[in-house]
Amino acid sequence: MTQKIFELINDAKKILIITHVNPDGDTLGSACALKSFIGDKADILLQVSRDKNFPNTYLFLPYIKEAKTFDDIEDIYDTVICVDVASADRIVEAARLIFNHAKVTINIDHHKTNKGFAMYNYVQGGLSSTGEVLYKIFEKENKNITLEMANCLYVSILTDTGCFKYETVTGETFEIVSSLLKKGVNSADIAQKCYEQKQKAMVMLQAYCLSNAKFECNDKIAYTTIKLKDMEKFGAKDEHTEGLSEALRSIKPVEIAFVLKETDRGDIKVSMRSKETDITCIVKKFGGGGHSRAAGCTIKKPMDAALESILDEIKKHL
Ligand code: AMP
Ligand code: MN
Ligand code: MN
């Protein structure tokens, strides 16, 4: 399968690398590493609009500034590669059309709930990040990993392991990280760029959301809600809520934490984290997915109704 991926890349005329909605460090780092490897015939698509929710934090990655967005994407790709995309419904609008029209579709991922929605699927559920999956693909096929690719893969692994904190981190993860650093990756510089250059809007929005947090079941459940008007009040963008559900989970008695966010489509995006509980079975009830301890879904209900449904479901699993 890994060999086939490179054959398909070779045979392709024009490749679109699709990242998931609400892009994070893993999907962006993986896309950039792949683009760096493939070169000119690949474009990256960010499922955002340029003036509304274009990500800021990861602008330091190569190829993000010139990535395609919903404002300028064209249906000209014979091959599509999705990276870190857990399910087909994380591909929306114009991207879905291109995916459906492509002659070849490839899905490279690490979500255990990924059902394999493409023609060629390489899903390693349980690995720390799609960055780690990609590293292994390159290594297995003896492809040279340049410093530029190494930087991107490092961002993937660093961010998707919560800075190497999660149980998805294995000895092998550290071996990979070690080899990336030996290639010249500057880990301190990347950590600085990912975590120490937050925008004021992000910190203020998160402080507000934390101060409004609610607790249930003897503080085993913690949650907060974000309305569109809150986002407007702080001038916040989608990426500014990243890390909020982890902050709620970090409170000692909390077992399950979640954030409900109103989207401009009028539905509610749920971002859930747990300490021990496998929460994929909770979000699957709402058509979502993810990992055992970090998962999400989207609920087509008003905020109060969505909150009630999700709380009911969580209480069944505590
Ligand atoms: P988030 O809370 O948005 O950071 O998402 C946590 C994890 O769950 C990520 O790995 C996502 O890829 C996954 N996830 C979030 N929303 C969905 C969804 N609607 N369907 C499948 N997986 C999701
Ligand atoms: Mn991701
Ligand atoms: Mn990931």
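In these legends a residue is called buried when its relative accessible area is under 20%, exposed when that area is over 50%, and partly exposed in between, computed with a 1.4 Å probe on the protein chains only. The model is predicted, and local features need pLDDT of at least 70, side-chain atom pairs count only at pLDDT 80 or more, and totals for chains, interfaces and linings use all residues. Residues are numbered from 1 along each chain as its sequence is written, chains are lettered from A and ligands numbered from 1 in the order in which they are written, and side-chain values use heavy atoms, with hydrogens and water left out.

**View 1. The manganese ion (ligand 2) and its protein donors.** Asp 24 lies in the loop between strand S1 (15-18) and helix H2 (25-38), while Asp 84 lies in the loop between strand S3 (79-83) and helix H3 (93-101), so the pair ties together parts that are 60 residues apart in sequence. Helices (H or I, at least four residues) and strands (E, at least two) are DSSP runs, numbered from the N terminus. Asp 24 is buried, with a relative accessible area of 17%, and Asp 84 is buried as well, with a value of 1%.

**View 2. The manganese ion (ligand 3) and its protein donors.** Asp 26 (OD), Asp 84 (OD), His 110 (NE2) and Asp 160 (OD) are the protein donors, lying 2.1 to 2.2 Å from the ion, and their spacing along the chain is D-x57-D-x25-H-x49-D. The manganese ion (ligand 3) and the manganese ion (ligand 2) are 3.6 Å apart, and Asp 84 coordinates both. Asp 26 lies in helix H2 and Asp 160 in helix H5 (residues 147-160), so the pair ties together parts that are 134 residues apart in sequence. Both Asp 26 and Asp 160 are buried.

**View 3. The shell around ligand 1.** Ligand 1 is surrounded by 15 residues, of which the closest are Arg 90, His 111, Lys 269, Ser 271 and Arg 273; a residue counts as near when one of its heavy atoms lies within 4 Å. Strand S9 (268-274), strand S10 (289-290) and strand S11 (294-299) each supply at least two residues of this shell, and the largest share, four residues, comes from S11. Domain 1 (2-195) and domain 2 (200-315), whose bounds come from an automatic or database domain assignment, both give residues to the shell, so ligand 1 lies between them.

**View 4. Atom pairs between the protein and ligand 1.** A polar side-chain atom of Ser 271 lies 2.6 Å from an oxygen atom of ligand 1, and a polar side-chain atom of His 291 lies 3.2 Å from an oxygen atom of the ligand. For Gly 289, a backbone N or O atom lies 3.2 Å from a nitrogen atom of ligand 1.

**View 5. Ser 87 in the loop between S3 and H3.** Ser 87 counts as partly exposed, at 24% relative accessibility. The C-alpha atoms of Ser 87 and Asn 114, which are 27 residues apart along the chain, are separated by 5.7 Å.

Technical notes
Donors = N, O, S within 2.8 Å, 3.2 Å for Na, K, Ca; no water. Polar contact = N/O pair within 3.5 Å; in protein donor to acceptor, adjacent residues only side chain to side chain.
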